[in-house]
Amino acid sequence: MNITDYRGKAIFVTFIYVHCPVIVSNMRAAQEELGAKAQNAQFIAVSVDPENDTPEAVAEFLQARQMTDRMQYLVGSREELEQVWQRWNVASRQDPRRNNPDFVEHTAPIYGISASGKITTLYEPTFDPDQIAHDAVILTSQ
């Protein structure tokens, strides 16, 4: 997968892990609000937990959130993903102060990218799905 494969679409890139469902649930809500226009938007997640985000865990996670075939989810080795994180200014680490292996401390921006491939918008992890639905139409035209 290469992000240029989605030129002509509004693209939303986020950084998550399979024990962090809020962003994906909000992205699904945005897609539902877009209706038929959702075909002009591409949602991409990048793992911040390479040890636990296996292809099987990701498939189960996406299915449970009704996002199978509606979102691409990039997984890989820590070394591979660290290169991606660095390019997108994302940090990820397991917090040793917490006794919960399911918790990964990470930055969680959502990047909005126009159809021409320019990063235009940065959303907070607590974004409103209406915001993404609204912006997807605009980003598709840029």
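A residue counts as buried when its relative accessible area is under 20%, and as exposed when that value is over 50%, with anything in between called partly exposed (1.4 Å probe, protein chains only). What we're looking at is a predicted model, so to speak with its own ground rules: local features need pLDDT of at least 70, side-chain atom pairs count only at pLDDT 80 or more, and totals for chains, interfaces and linings use all residues. Residues are numbered from 1 along each chain as its sequence is written, and side-chain values use heavy atoms, leaving out hydrogens and water.

Let's start with the aromatics. Rings of Phe, Tyr and Trp (the six-membered ring for Trp) pair if their centres lie within 6.5 Å; planes under 30 degrees apart are stacked, over 60 edge-to-face, and the rest tilted. That rule gives 6 aromatic pairs. One of them, Phe-12 with Phe-43, is stacked, at 5.3 Å centre to centre and 25° between the planes. Phe-12 sits in strand E1 and Phe-43 in strand E2, so this pair ties together parts 31 residues apart in sequence. (Strands, E, are DSSP runs of at least two residues and helices, H or I, of at least four, numbered from the N terminus.) Phe-12 is buried at 0% relative accessible area, and Phe-43 is buried at 1%. Phe-12 also makes a tilted pair with Tyr-123, 6.0 Å centre to centre with 55° between the planes. Since Tyr-123 belongs to strand E7, that pair ties together parts 111 residues apart. Phe-12, Phe-43 and Tyr-123 form one aromatic cluster.

Move on past E7 and you reach Phe-127, in the loop between that strand (119–123) and helix H4 (129–140). Phe-127 is buried too, at 4% relative accessible area. Setting aside neighbours within four places in sequence, Phe-127 is in contact with Ile-23, Asn-26, Met-27, Ile-110 and Ile-132, contact being heavy atoms within 4.5 Å.

Now for helix H3, residues 78–87, where Leu-81, Val-84 and Trp-85 are buried. Looking down the axis, the buried residues fall within an arc of 100° (taken from the directions from the helix axis to the C-beta atoms), so they line one face of H3. The face turned away from that buried side carries the exposed Glu-79, Gln-86 and Arg-87. After the helix comes Asn-89, with a positive phi near 60°.
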